[in-house]
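Dear colleague,

I am passing on the structure below for you to look over.

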Amino acid sequence: MLKKGNKLYSILTGSCPKCHEESMYEDKNPYHLGKIFNMHERCSTCGTKYKIEPSFFYGAMYVSYGVGIAFAVAAFVISFLFIGATLFHTFIAIVGTMIVFMPLIVRLSRNIWINFFIHYDPNAPAKYKKKLNEKISQ
């Protein structure tokens, strides 16, 4: 299910959307909060520029809303319907879920957003190496 070449692979692993070889993030752990937004400028394997334009990842805020709603609904279903908690305790469970999973939601949203615009190319690393060799030989 999670093979290279699948968008879901890139979204869940945070890898380059074009070659799926390297992480887009300087620190893979989203719970290192000081480094949650730190990304490499380009992929060292295929040369893909991650920040396509200034403020590119502002669009990820819209995706973040949807992903956050999905986590909140899951917390509601688990706490209220499966466990049988009161509405107050269910509300606390939803708030707790949103706080605990906030770094993960931020990263997932960015990964989903960039995968809308950049598509997998298995030949990208070879093309990039060829392009670099041509620049060197000139």
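Helices (H or I, at least four residues) and strands (E, at least two) are taken here as DSSP runs and are numbered from the N terminus. This is a predicted model, in which local features need pLDDT of at least 70 and side-chain atom pairs count only at pLDDT 80 or more, while totals for chains, interfaces and linings use all residues. Residues are numbered from 1 along each chain as its sequence is written, and side-chain values use heavy atoms, with hydrogens and water left out.

On the overall fold, the protein has 4 helices and 0 strands, which gives the pattern α-α-α-α when read along the sequence. Its radius of gyration (taken over C-alpha atoms) is 19 Å, whereas a compact globule of 138 residues would have a value near 14 Å, the globule rule being 2.2 Å times the number of residues to the power 0.38. The C-alpha trace spans about 70 × 30 × 20 Å along its principal axes. Among contacts (heavy atoms within 4.5 Å) with a separation of 6 or more, 60% are between residues 24 or more positions apart.

As for burial, 36% of the 138 residues count as buried, where buried means under 20% relative accessible area, exposed over 50%, and partly exposed in between (1.4 Å probe, protein chains only). A nonpolar core is a set of buried Ala, Val, Leu, Ile, Met, Phe, Trp, Tyr and Cys residues joined through side-chain atoms within 4.5 Å; the largest such core has 18 residues, of which Tyr50 and Ile114 touch the most other members. Helix 2 (60-83) and helix 3 (87-117) each supply at least two residues of this core.

Most residues other than glycine have a negative phi. Ser55, which lies in the loop between helix 1 and helix 2, is not a glycine either and has a positive phi of about 65 degrees. Are these two residues buried or exposed, or something in between? His20 is buried, with a relative accessible area of 1%, while Ser55 counts as partly exposed at 47% relative accessibility.

With kind regards
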